[in-house]
Amino acid sequence: MANQFVLPDLGYAFNALEPVIDARTMEIHHDKHHGAYVTNLNKALESAPEFFEKPIEDILRNIQSVPESIRTAVRNHGGGHANHTLFWKVIAPGGAKEPSGALAKELESAFGSFDAFVEKFSSVSVAHFGSGWGWLVLDGEGKLQGYSLPNQDSPYMQGHTPILGLDVWEHAYYLNYQNRRADYVKAFWQIVNWTQVEENFRNAK
Ligand code: MN
């Protein structure tokens, strides 16, 4: 059996993001939810082990090349694996508290101002119906876009590269915020690691 996908370490303590995200939520979210996406992705790919050789981003970019019998499972669990792997990094403690340099300029030119970007990203994340993610992506033309996607759908599946993501599944916030998704989205900006987001932006370019 080729190398299976592995749940990455969180890289910091479960309580490192308190009070914005509580330790219990982080533990369940990383160990159980992300863990299950990895387990189920590996299970789905048992019948097509050649995909274990590819980075998950490449598999999602070329989702149509995954056999139809397992495509939905790979979309859901592979998407879940890629999305959460990015999420833990962009909310990692430390790093810059606001964007600078090329990313700051691009955010201004794409959205009008940094505040207008925050407003747009927040409103699509709050308004997203049901489970999904808010995304800042670099599109196929190299332009920044903000939008939401349902479930674990990945921006890679539409030829975009995710720069910043916000998990708005209830499992991401329910213990602390219950039905108050807007409060969770508002608090999220306190924990964004802009050093990591800028690195994602540079790598996507
Ligand atoms: Mn999640």
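How far apart do the C-alpha centres of domain 1 and domain 2 lie? They are 20 Å apart. Hi everyone, let me walk you through this one. Keep in mind that what you see is a predicted model.

Let's start with the layout. The protein chain splits into domain 1, residues 23-90, and domain 2, residues 101-204. As for how they meet, 20 residues of domain 1 are in contact with 26 residues of domain 2.

Now the metal. There's a manganese ion here, and its donors are His29 through NE2, His84 through NE2, Asp167 through OD and His171 through NE2, at 1.9 to 2.1 Å. If you run along the chain, those donors follow the spacing H-x54-H-x82-D-x3-H. Take two of them: His84 sits in helix α3, while His171 is in the loop between β3 and α6 (174-177), so this pair ties together parts that are 87 residues apart in sequence. And is His84 buried or exposed? His84 is buried, with a relative accessible area of 0%.

If you're wondering how we look for them, rolling a probe the size of a water molecule over the atoms shows where empty space is left. The largest pocket here comes out at a volume of about 270 Å³. It has 15 lining residues, and the closest to its centre are Glu57, Leu86, Tyr156, Pro162 and Asn200. Which of them gives the largest share? That's α3, with five residues. So we meet α3 again, the helix that also holds His84.

Last stop, His30. You'll find His30 in helix α1, residues 23-44. His30 is buried, with a relative accessible area of 5%. Which residues does His30 touch, leaving aside its neighbours within four places in sequence? The contacts are Leu7, Pro8, Asp9, Leu10, Phe14, Gly35 and Trp88. Ser148, on the other hand, is 118 residues from His30 in sequence and 21 Å from it in space, C-alpha to C-alpha.

Happy to go back to any part on the screen.

Definitions and conventions
Residues are numbered from 1 along each chain as its sequence is written. This is a predicted model: local features need pLDDT of at least 70, side-chain atom pairs count only at pLDDT 80 or more; totals for chains, interfaces and linings use all residues. Side-chain values use heavy atoms; hydrogens and water are left out. On a 1 Å grid over the protein atoms alone, a cavity is a set of points where a 1.4 Å probe fits but cannot get out, and a pocket is an open set with protein on both sides within 12 Å along at least five of seven lines; lining residues have an atom within 4 Å of a point. Grid points are joined across faces, edges and corners, and a volume is the space filled by probe spheres set on the points. Helices (H or I, at least four residues) and strands (E, at least two) are DSSP runs, numbered from the N terminus. Donors are N, O and S atoms within 2.8 Å of the metal (3.2 Å for Na, K and Ca); water is not among the atoms, so sites may look incomplete. Buried means under 20% relative accessible area, exposed over 50%, partly exposed in between (1.4 Å probe, protein chains only). Domain bounds come from an automatic or database domain assignment. Contact means heavy atoms within 4.5 Å.
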